[in-house]
Structures are given as C-alpha cells and as structure tokens.
Amino acid sequence: MADPAPYRPAPGSVPEEPGVYRFSDAAGRVIYVGKAKNLKLRMASYLTENARDAEKVRKMLASAARLEWEETPSELSAFLRELQLIRKHQPKFNSLLVNPRRLPFIKLATGRRFERLDLVYELDEEGLYYGPFESSFVA
C-alpha cells in the first residue's frame, strides 16, 4: 500500500466547504475527480486505513502522487464542476462517469424577464437545477 504522505494536505489547509478534488499520478495525469459537500471530511476519508479496503480505492491511492482541491459556492456547483473535469480529463478511476447515462434535470432558467422551467439533459452554469432524476417521467 502506497503511503499517502507525499500528497497528504497540511493540517488545517482543507476547507469544510463544498468543492471538487482531484488525484493525479506522478506524470501529472488526473486519475480521479470527486465532489464533496465537505471537502475536509471527504478527503480525510481517503487517508484512513478503512478507505483502503475497497480494491478500486486501493489501486487509485497506489497510483496517486498529488491531491488538489477547489472550493465551490454550493453542492450543485461542485456537481457541475465535477462533470466538467471528468469530461475534460477522462480519469481512469471515474470509469462509470466517463460515458454516463444521460439523466434528466429540471432547470429553472433565471435572469430573464420571466423565469422558465425546462427539462434538460445537459448542464451549464446558468440557472438552478433539480435532479438528476431516474427518467423524464419521474422528473
């Protein structure tokens, strides 16, 4: 098992805010992107012995050489940012999200004279989103 010391954040440096985090390998390639309601708690969970019980996590941590994070204003922003980073980097340990099934969201389009609700499958930075839903029927 690889020692997480090289990429362990300094005590007190990780905020207790929503955001995204990235594990990178020694070559600088992003190997995993995740989101968190509380970055401090989520990232600490990877550095405990219990986290290393899962084979996928054990392999990812053995490949990791760097851990970075960025705060976001909300959980939804973290979700959107995570999707952007996964699409951009296509990390090998995010295999389930590289080709995600398209899930519907309800979007409240704001910033217009009349606000509007739409059923959408692509997310952008504008508006408020609710979901994802299992199907358009459920939404």
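Which strands does helix H1 (residues 39–46) lie across? In this predicted model, helix H1 lies across E1, E2 and E3 and runs at about 25 degrees to E1. The protein has 4 helices and 6 strands, where helices (H or I, at least four residues) and strands (E, at least two) are DSSP runs numbered from the N terminus. Residues are numbered from 1 along each chain as its sequence is written, and side-chain values use heavy atoms, with hydrogens and water left out. Local features need pLDDT of at least 70 and side-chain atom pairs count only at pLDDT 80 or more, while totals for chains, interfaces and linings use all residues.

**The sheet and the helices on it**
- The order E2-E1-E3 describes an open sheet of 3 strands with antiparallel pairing, two strands being paired if DSSP finds at least two bridges between them.
- Strand E2 (30–36) and strand E3 (66–71) each have a single partner strand and stand at the edges, so one side of each is left without a neighbour in the sheet.
- Strand E1 (residues 19–24) pairs with E3 in the antiparallel sense over 6 bridges, and Arg-22 has Glu-68 in E3 as its bridge partner.
- Helix H3 (residues 75–89) packs on the sheet and touches E1, E2 and E3, its direction making about 170 degrees with that of E2; axes are lines fitted to C-alpha atoms, for helices over the stretch in contact (heavy atoms within 4.5 Å), and angles run from 0 to 180 degrees between N-to-C directions.

**Buried residues**
- Of the 139 residues in the protein, 36% are buried, meaning under 20% relative accessible area with a 1.4 Å probe and protein chains only.
- Helix H2 (residues 55–63) has Val-57, Met-60 and Leu-61 buried.
- Seen down the axis of H2, these buried residues fall within an arc of 95 degrees, so they line one face of the helix; the arc is that of the directions from the helix axis to the C-beta atoms.
- The cover over the buried residues of H2 includes E1, E2 and H1.

**Aromatic pairs**
- The structure holds 6 aromatic pairs, counted when ring centres of Phe, Tyr and Trp (its six-membered ring) lie within 6.5 Å, with planes under 30 degrees apart taken as stacked, over 60 as edge-to-face and the rest as tilted.
- Phe-23 and Tyr-46 form an edge-to-face pair, 5.2 Å centre to centre with 75 degrees between the planes.
- Phe-23 lies in strand E1 and Tyr-46 in helix H1, so this pair ties together parts 23 residues apart in sequence, and both residues are buried.

Key:
Buried means under 20% relative accessible area, exposed over 50%, partly exposed in between (1.4 Å probe, protein chains only).
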